[in-house]
Amino acid sequence: MEFINKIEATVGGWAKNVPHLPPAAQKWIATNVWWIALVGAILTGVAMLFSLFGLLLGGIGASYIYVINPYYTTVILISGIVDLAFLVVRAILLGTAVKPLQNKKQKGWDLLFFALLVQAVAIVISAVFNLVAVNILGFMLSIIFGAVGVAVTAYFLFEIHGQFAHVKTVKAKATAKKA
């Protein structure tokens, strides 16, 4: 958890240097982020079903392609299984974040941040599979669009950071140290 806190502090430092949303917009996002996470969990669940369906169909089709190029088929199937595993983790994180987010607890924000980190790792691993199985262009596009998506999500996530008791916890620790 200490490693995650260091990443949070680093990204939070970057977020201080960007323009901020008005306080009313930050409050609105913080109040409504629970249902955004719920929709994200549901959509991730739907993506899991499509991914599983694709793996099943791909497995049938791969049995024919395997004879022609076993390396390519194996990489594609492993990539699909790894992507499915990341979808499962993200769906669980987003789903479990809903209740704490409704109550504006720090745990909810932490779960969203962890889901963001999982998404970033998934993007990098998926891009590597694109490099191995497809080409350099697929790799570059995966990294670029993935980085933009993660950056935008991180921006909004850190805009509501103070709404979830992070600031109060830091102030309480600082007050306790002075005493």
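Me: Which residues of α5 are buried?

Reply: This is a predicted model, in which local features need pLDDT of at least 70, side-chain atom pairs count only at pLDDT 80 or more, and totals for chains, interfaces and linings use all residues. Residues are numbered from 1 along each chain as its sequence is written, and side-chain values use heavy atoms, with hydrogens and water left out. Buried means under 20% relative accessible area, exposed over 50% and partly exposed in between, with a 1.4 Å probe and protein chains only; in α5 the buried residues are Gly138, Ser142, Gly146, Val150, Ala154, Leu157, Phe158 and Glu159.

Me: Why does lysine 104 count as partly exposed?

Reply: Its relative accessibility is 28%, so lysine 104 counts as partly exposed. Lysine 104 lies in the loop between α3 and α4, and its phi is near 55 degrees, a positive value in a residue other than glycine.

Me: What makes α4 roughly antiparallel to α5?

Reply: The axes of α4 (residues 106-133) and α5 (residues 136-159) cross at roughly 170 degrees and come within 8 Å; these axes are lines fitted to C-alpha atoms over the stretch in contact, with angles running from 0 to 180 degrees between N-to-C directions. Angles under 35 degrees count as roughly parallel, over 145 as roughly antiparallel, 65 to 115 as roughly perpendicular and the rest as oblique, and therefore α4 is roughly antiparallel to α5. The residues of this contact (heavy atoms within 4.5 Å) divide into 17 nonpolar, six polar and no charged, where Ala, Val, Leu, Ile, Met, Phe, Trp, Tyr, Cys and Pro count as nonpolar, Asp, Glu, Lys and Arg as charged, and the others, Gly among them, as polar.

Me: Which residues touch the most other members of the largest nonpolar core?

Reply: A nonpolar core is a set of buried Ala, Val, Leu, Ile, Met, Phe, Trp, Tyr and Cys residues joined through side-chain atoms within 4.5 Å. The largest one has 30 residues, of which Leu101, Trp109, Leu112, Phe113, Ile160 and Phe164 touch the most other members. The helix that gives the most to this core is α4, with 10 residues.

Me: How many helices and strands does the protein chain have?

Reply: The protein chain has six helices and zero strands, taken as DSSP runs numbered from the N terminus (helices H or I with at least four residues, strands E with at least two). Buried residues make up 32% of its 179 residues.
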